[in-house]
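Dear colleague,

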Amino acid sequence: MSFPTPGQPNAAVSSMLSGNAQDPGVKAVQAMAESCIGKSVMSGGAGFALGGFFGMFMASMAYDTPYAAVGPNQVPISSLPLRQQLKMGFKDMGTRSWSTAKNFGKVGALFSGIECGVEGIRAKNDIGNGVVAGCLSGAILAKNAGPQAMAGGCVAFAAFSAAIEAYMRQPADE
């Protein structure tokens with residue numbers, strides 16, 4: 001068995017590093033990443049991971065974490081043993097982190113899937129795709145709150161998407 005020496009990778013490693021476009025594995029990964037379903041899954045996964053970290057951070061900084069009192073007896077948490085205090089704190093942190101992760105994942109998957117679909121229908125890659133996707137995503141996410149909330153969600157998400165798209169499409173300062 002031959003091991004690659006430092007500075008001289010073997011042929012398989014060098015073809016992977018150079019991104020050989022003729023490799024069927026590379027083509028399959030590229031096709032998956034360029035499909036709307038693949039983009040939605042990747043965005044949902046990235047949103048889930050980011051949301052988990054964000055939720056964990058926000059839960060650790062929250063003032064409304066149950067440090068005052070819990071249960072029907074209203075026993076202050078500060079009077080509980082340290083181990084039980086930590087257990088309750090970490091349980092609260094995990095619950096909040098899981099909830100935020102699910103929400104970020106849902107928003108990421110929904111927005112990127114809609115944006116990809118709109119881009120495919122319009123056959124253009126411009127700011128309009130993000131605005132339409134933002135409007136539709138905001139309306140879909142607010143559907144349980146009624147038509148007025150759907151309109152507000154549409155306007156808010158569309159404005160935010162337009163601002164982000166405009167910022168991301170600025171020419172680079174060099």
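Predicted model: local features only at pLDDT ≥ 70, side-chain atom pairs only at ≥ 80, totals over all residues.

Residues are numbered from 1 along each chain as its sequence is written, and side-chain values use heavy atoms, with hydrogens and water left out.

Disulfides

A disulfide is a covalent bond between the sulfur atoms of two cysteines. Here a disulfide is taken to be a pair of cysteine sulfur atoms within 2.5 Å, and by this rule the count comes to 2 disulfides. With bonded cysteines counted along the chain, they follow the pattern 1-2, 3-4.

One of them joins Cys36 and Cys116, whose sulfur atoms lie 2.1 Å apart. This pair links distant parts of the chain, since Cys36 belongs to helix H3 (residues 36-61) and Cys116 to helix H4, 80 residues apart; helices here are DSSP runs of H or I with at least four residues, numbered from the N terminus. The link of Cys36 and Cys116 is left-handed, with -80° about the S-S bond. As for accessibility, buried means under 20% relative accessible area, exposed means over 50%, and partly exposed lies in between (1.4 Å probe, protein chains only). Cys116 counts as buried because its relative accessibility is 9%, whereas Cys36, at 30%, is partly exposed.

The other disulfide is formed by Cys135 and Cys154, with their sulfur atoms 1.7 Å apart. This pair also links distant parts of the chain, with Cys135 in helix H5 (residues 127-141) and Cys154 in helix H6 (residues 147-168), 19 residues apart. The torsion about the S-S bond of Cys135 and Cys154 is about -80°, so this disulfide is left-handed. Cys135 is partly exposed at a relative accessible area of 23%, while Cys154, at 16%, counts as buried.

Helix H4 and the residue after it

Helix H4 has 41 residues (residues 82-122), which at 1.5 Å a residue should span 60 Å, and this agrees with the 59 Å between its end C-alpha atoms; the expected span is 1.5 Å times one less than the number of residues.

H4 is followed by Ala123, which is found in the loop between H4 and H5. Most residues other than glycine have a negative phi. Ala123, although not a glycine, has a positive phi of about 60°, and Ala123 is exposed because its relative accessible area is 65%.

Definitions and conventions:
Helix = DSSP H or I, 4+ residues; strand = E, 2+ residues; numbered from the N terminus.
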